[in-house]
Amino acid sequence: MTTWTLAERAAKMNSSAIREILKLTDRPGIISMAGGLPSPKAFPLDAFTEACQAVMQRDGAAALQYSTTEGFAPLRQAIADFLPWNVDPEQILITTGSQQALDLIGKVFLDKGSRLLVEKPTYLGALQAFTPMEPVAVGVDSDDEGMLIEDFAKQIGSGADKARLAYVLPNFQNPTGRTMSDARRQALVEKAKELDIPLIEDNPYGDLWYEQEPPLPLAARNPEGVIYMGSFSKVLAPGLRIGFIVAPKSVYGKLTQAKQAADLHTPSFNQRVVAEVIKDGFLDRHVPTIRAMYKAQRDVMLMALEREMAGLDVKWTRPVGGMFLWVKLPAGMDAQALLAKAVERNMAFVPGAPFYAGDAQNNTLRLSYVTVSAEQINTGIKSLADAIKASL
């Protein structure tokens with residue numbers, strides 16, 4: 001029998017709590033509000049069919065060939081033109097989804113024991129991506145506007161223990177749905193600059209606003225002190241695995257080297273198809289249809305919560321964009337235990353504990369409203385309320 005000895009970093013890897021729940025709920029009759037999947041109704045199938053044909057007819061050989069690590073030049077230019085501040089396309093690195101961007105950032109900047117600041121709570125996938133590098137993730141107290149600046153400064157540490165990075169999601173955050181205010185963004189950028197802490201700004205949901213565009217990105221306020229991450233997963237299709245990094249030129253080269261070592265380059269065909277789809281202002285026409293659909297479903301969920309949670313000590317966020325909202329259960333109630341009761345009633349959600357770097361709040365959970373119909377939302381939220389009542 002062969003003995004396989006795992007690296008220390010492999011022992012620290014773990015499965016996504018969300019993926020495990022999706023396995024549990026992948027059966028007929030379950031109304032799942034657990035996944036962070038965009039609605040397939042939002043996928044522009046006709047546009048992709050035409051783009052695939054155009055790419056193959058025009059330069060199919062190049063689309064199927066190896067390419068440069070940095071990415072397809074016309075796509076990098078299109079991204080630079082789309083961003084709300086002056087970005088050189090040479091600062092843009094096309095990644096295989098924004099999840100790879102997290103992995104590359106972790107490899108380049110984090111050592112074993114490196115201090116990493118994150119919001120309370122934060123994106124579970126980021127914690128999962130950074131874990132193999134064995135950092136010490138430290139949660140920063142946060143409110144409805146994001147990280148609290150006073151606690152951010154307090155948690156930075158000093159000397160060899162000083163934080164390497166701070167990771168934030170300013171727009172319609174996963175998991176809470178909250179949005180960082182303009183004033184808080186400016187304060188965070190200024191404090192990070194003062195204390196010399198690089199910021200990682202993850203913005204996969206920023207285009208999915210309902211009433212008004214979110215405030216200016218952190219990267220636009222201090223381009224040399226922020227690495228910005230974006231993705232086409234939520235505005236086009238996640239199966240393409242097309243994300244991107246906008247990095248200061250001082251660190252761009254190392255991120256590119258890490259990318260080259262990982263997979264040489266993001267699929268050439270996918271990059272060219274995306275570039276073909278988004279030319280001529282397609283996103284300006286397509287994204288508003290996604291916003292309208294998600295806003296309507298958010299409204300149904302908020303109304304269902306108001307109705308079904310009446311009289312219960314349950315609170316929730318009211319996102320102004322994105323795909324998620326966050327629920328706080330009565331004190332002492334365990335969302336993991338509640339999940340079993342909800343599944344018995346054919347409803348599923350994601351417990352909140354895995355979204356914390358430490359000091360988890362077990363009486364929290366995340367709901368997604370974008371892949372369920374209005375009827376399913378109403379039925380599912382009633383089932384959740386019934387499960388809560390059964391747990392009191």
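This report walks through the packing of a predicted model, from its nonpolar cores to a few helices and residues.

## Ground rules

The model is predicted, so local features need pLDDT of at least 70 and side-chain atom pairs count only at pLDDT 80 or more, while totals for chains, interfaces and linings use all residues. Residues are numbered from 1 along each chain as its sequence is written, and side-chain values use heavy atoms, with hydrogens and water left out.

## The cores

Let's start inside. A nonpolar core here is a set of buried Ala, Val, Leu, Ile, Met, Phe, Trp, Tyr and Cys residues joined through side-chain atoms within 4.5 Å; buried means under 20% relative accessible area, exposed over 50%, and partly exposed in between (1.4 Å probe, protein chains only). The largest one has 96 residues, and the members touching the most others are Leu 75, Phe 152, Phe 232, Leu 236, Met 309, Phe 349 and Leu 367. Helices (H or I, at least four residues) and strands (E, at least two) are DSSP runs, numbered from the N terminus.

Take Leu 236: leaving out residues up to four places away in sequence, its contacts (heavy atoms within 4.5 Å) include Phe 43, Phe 48, Val 274, Ile 278, Phe 282 and His 286. There's also a second, separate core of 25 residues, with Leu 102, Leu 116, Ile 200 and Ile 245 among them.

## H14 and its two partners

H12 packs on helix H14 (residues 374–391) at about 30 degrees, with the axes 9 Å apart. Axes are lines fitted to C-alpha atoms, for helices over the stretch in contact, and angles run from 0 to 180 degrees between N-to-C directions. That angle makes H12 roughly parallel to H14; the cut-offs are under 35 degrees for roughly parallel, over 145 for roughly antiparallel, 65 to 115 for roughly perpendicular, and oblique for the rest. The residues in this contact split into eight nonpolar, two polar and four charged. (Ala, Val, Leu, Ile, Met, Phe, Trp, Tyr, Cys and Pro count as nonpolar, Asp, Glu, Lys and Arg as charged, and the others, Gly among them, as polar.)

H14 also packs against H13, this time at about 125 degrees, again with axes 9 Å apart, so the pair is oblique. Leu 338, Lys 341 and Ala 342 of H13 meet Leu 384, Ala 387, Ile 388, Ala 390 and Ser 391 of H14. By class, that's six nonpolar, one polar and one charged.

## Two buried residues

Ile 377 sits in H14 and is buried, at 0% relative accessible area. Setting aside residues up to four places away in sequence, Ile 377 touches Met 33, Gln 297, Val 300, Met 301, Ala 304, Tyr 369 and Val 372.

Met 333 lies in the loop between strand E12 (324–328) and helix H13 (335–344). Met 333 is buried too, at 9%. Beyond its neighbours within four places, its contacts are Leu 338, Asn 362, Asn 363, Ile 388, Ser 391 and Leu 392.

## A covered helix

How many of the residues of helix H11 (residues 268–278) are buried? Ten of its eleven, so to speak a mostly covered helix. Among them are Arg 272 and Glu 276, as well as Val 273, Val 274 and Val 277. The cover includes helix H3 (45–63), helix H4 (73–82), strand E2 (92–96), strand E10 (242–246) and H12. Just after H11, Asp 280 takes a positive phi of about 65 degrees.
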